[in-house]
Amino acid sequence: MIVISMTSCTHGWKSYIIKSGHHSSNEINPIKLNLDRISFDVKVDSSWYYEEPEHPGWNKIRGISHGHHQSNSSARLGYRCRYGNLLEVGAYCYVNGESPQTNQNLKKVMDTVQPGKIYHCEISREHNNYIIRFEDKTWVGPAGKEINWGYVLNPYIGGEFTLDHEWKTEIRER
């Protein structure tokens, strides 16, 4: 199987395209030391809409992971499409092998978004907590074991599902 990854940069914006039937653009970020904070803007696209699958879940917009395994300590800003026409944005984290699917305290719906708009986001790790800021809203969740290295997580669609159309977004690091 050959997967084509498509990304491009224009004036600080990086485009991510996930092909129909795939989960990611297959782009992996390098390991960074002292990765405690990411700040970025995201452009929402109309391709974010889809009909709810039988087993719905969150789609990752951006995140950070500490250490080798994402399930030990990572935080993400994600979204999901509800009812085919409502885009919800949420925060969630994985801590010491525990997931937001098994612990409701590890996730929270934060807001809704609209295509064509730009939103500011920040994810940080402070005092054994992850802090996710989306526009003027903040969520605090627990962080796993403190490790001084990690990597930035790129957009990812589904878990058990993929989309039947191409998905697009643009992200600008701040």
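Leu77 touches Phe40, Asn59, Lys60, Ile61, Arg62, Val89, Gly90, Met110, Cys121, Ile123, Ile132 and Phe134, leaving out residues up to four places away in sequence; contact here means heavy atoms within 4.5 Å. This is a predicted model, in which local features need pLDDT of at least 70 and side-chain atom pairs count only at pLDDT 80 or more, while totals for chains, interfaces and linings use all residues. Residues are numbered from 1 along each chain as its sequence is written, and side-chain values use heavy atoms, with hydrogens and water left out.

Leu77 lies in strand 6. Strands are DSSP runs of E with at least two residues, numbered from the N terminus. At 1% relative accessibility, Leu77 counts as buried, where buried means under 20% relative accessible area, exposed over 50% and partly exposed in between, computed with a 1.4 Å probe on protein chains only. Asn59, one of the residues touched by Leu77, is 18 residues away along the chain, and the two C-alpha atoms are separated by 8.5 Å.

Ser73 also belongs to strand 6, which spans residues 73–82. Is Ser73 buried or exposed? Ser73 is buried, with a relative accessibility of 1%. Its side chain makes polar contacts with the side chains of Arg125 and Tyr130. A polar contact is a pair of N or O atoms within 3.5 Å; within protein, one must be able to donate a hydrogen and the other to accept it, and residues adjacent in sequence count only if both atoms are side-chain atoms. Beyond residues up to four places away in sequence, Ser73 touches a set of residues including Ile64, His66, Tyr94, Ala143 and Lys145.

**Strand 4 and its partners**

Five of the seven residues of strand 4 (residues 37–43) are buried, so this strand is largely enclosed by the rest of the structure. Two strands pair if DSSP finds at least two bridges between them. Strand 4 pairs with strand 9 (residues 118–126) in the antiparallel sense over seven bridges, and with strand 13 (residues 167–173), again antiparallel, over four bridges.

Ser39 is found in strand 4 and is buried, with a relative accessible area of 5%. Its contacts, leaving aside neighbours within four places in sequence, are His120, Cys121, Glu122, Arg172, Glu173 and Arg174. The C-alpha atoms of Ser39 and Ser24 are separated by 21 Å, with the two residues 15 apart along the chain.

| Side chain | Partner side chain | Distance |
|---|---|---|
| Ser73 | Arg125 | 2.9 Å |
| Ser73 | Tyr130 | 2.9 Å |
| Ser39 | His120 | 3.4 Å |

**Onward from strand 9**

Strand 9 is joined to strand 10 (residues 129–134) by six bridges, and the two run antiparallel. Ser124 has Ile131 of strand 10 as its bridge partner. The two strands form a hairpin with two residues between them, and His127 in the turn has a positive phi of about 50 degrees.

Six strands make an open sheet in the order 3-12-5-6-7-8, with antiparallel pairing. Strand 3 (32–33) and strand 8 (107–113) stand at the edges with a single partner strand each, so one side of each is left without a neighbour in the sheet. Strand 3 is joined to strand 12 by two bridges, and Leu33 stands opposite Trp149 in strand 12.

**Pockets**

What is the volume of the largest pocket? The largest pocket has a volume of about 370 Å³. On a 1 Å grid over the protein atoms alone, a pocket is an open set of points where a 1.4 Å probe fits, with protein on both sides within 12 Å along at least five of seven lines, and lining residues have an atom within 4 Å of a point. A volume is the space filled by probe spheres set on the points. The lining has 17 residues, with Trp58, Tyr94, Gln101, Gly158 and Gly159 nearest the centre of the largest pocket.

The second largest pocket holds about 170 Å³ of space. Strand 12 (residues 149–153) gives the largest share of its lining, three residues.
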